[in-house]
Amino acid sequence: MEKRVDKTYPPIREVTEGERVGMVKDIFSTITSRYDFLNHFLSLRRDIAWRRFAVRKMHFFMTNRFLDIACGTGDLSIEAARRYPEISVNGVDFVREMIHVGQEKVDLEKLSDRVQLMHGDAIHLPFRDNTFDVAAMAFGIRNIPDRQGALREMLRVIVPGGQVMILEMTFARNRLFQVFYNVYLNHILPRLARRFSSNPAAYHYLADSIMNFPAPDEFTALMEGVGIENVDAYSLTFGVTYLHVGTKTRDA
Ligand SMILES: C[S@@+](CC[C@H](N)C(=O)[O-])C[C@H]1O[C@@H](n2cnc3c(N)ncnc32)[C@H](O)[C@@H]1O
């Protein structure tokens, strides 16, 4: 397990894009060993249901290949490989510590013949155009300052008719629920993080990044703005998380 670190991170609004990328790398390389446990615990295991929902919406029809971007410890890759035995999966992430944990899980699940996790940046995906039926990102885009760049890369690597999927936490729009969620994110979560995480400041960043993420309609517009078509947005658990799904035009 990582040594406990006593850090602070500046608010997202006060850092440059480059500094933010550095923060993200630092955060995910210092919380790796407890990442899965805290994900499940802090979301009351909703994260598992949210990934499952996304996987059920996937449609494999041409290459039978799935790309999991910002794959972290591989949960979305594993869930997709379990559900669709005919597909092969590539996962990319730019924090090696996360990939190592993910690869161990893939090996334990005996999926290493179909699931390969590797180092890579969402902004420069190491794949040719039109390679995958589906490109998805779970809880990754919030951490990427150049969101349009990442979405363009997703669109580039999928086949015409393929799907781009973004699963992401957002600040719930329901006013009543917002009161509870605000207290949870800014008061309960930091306390739990101090108790359980090796880098509690990472969970201040988590709250900050959720509260600064665009509203679902704005995110739909962002996807459409880079040329993703037929975008549907699914609200999950009172709008705490959204799944956005769009397609690449068949005329491309
Ligand atoms: C909250 S974790 C999500 C991991 C995983 N997708 C899941 O469902 O648990 C965010 C991940 O995004 C990765 N990440 C952030 N920016 C990235 C980028 N530009 N390229 C690749 N990975 C990135 C981080 O390293 C981290 O592993």
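Modeller: The Asp75 side chain makes a polar contact with the side chain of Lys105, at 2.5 Å. A polar contact is a pair of N or O atoms within 3.5 Å; within protein, one must be able to donate a hydrogen and the other to accept it, and residues adjacent in sequence count only if both atoms are side-chain atoms. This is a predicted model, where local features need pLDDT of at least 70, side-chain atom pairs count only at pLDDT 80 or more, and totals for chains, interfaces and linings use all residues. Residues are numbered from 1 along each chain as its sequence is written, and side-chain values use heavy atoms, leaving out hydrogens and water.

Biologist: Is Asp75 buried or exposed?

Modeller: Buried (under 20% relative accessible area, 1.4 Å probe, protein chains only), because Asp75 has a relative accessible area of 17%.

Biologist: And what does Asp75 touch?

Modeller: Asp36, His40, Arg51 and Lys105, leaving aside residues up to four places away in sequence. Contact means heavy atoms within 4.5 Å.

Biologist: New topic: how many cavities of 30 Å³ or more are there?

Modeller: The whole-structure search finds one. A cavity is a set of points on a 1 Å grid over the protein atoms alone where a 1.4 Å probe fits but cannot get out; lining residues have an atom within 4 Å of a point.

Biologist: How much space lies in the largest cavity?

Modeller: About 50 Å³, a volume being the space filled by probe spheres set on the points. Its lining includes Ile166, Phe213 and His244.

Key:
Buried means under 20% relative accessible area, exposed over 50%, partly exposed in between (1.4 Å probe, protein chains only). On a 1 Å grid over the protein atoms alone, a cavity is a set of points where a 1.4 Å probe fits but cannot get out, and a pocket is an open set with protein on both sides within 12 Å along at least five of seven lines; lining residues have an atom within 4 Å of a point.
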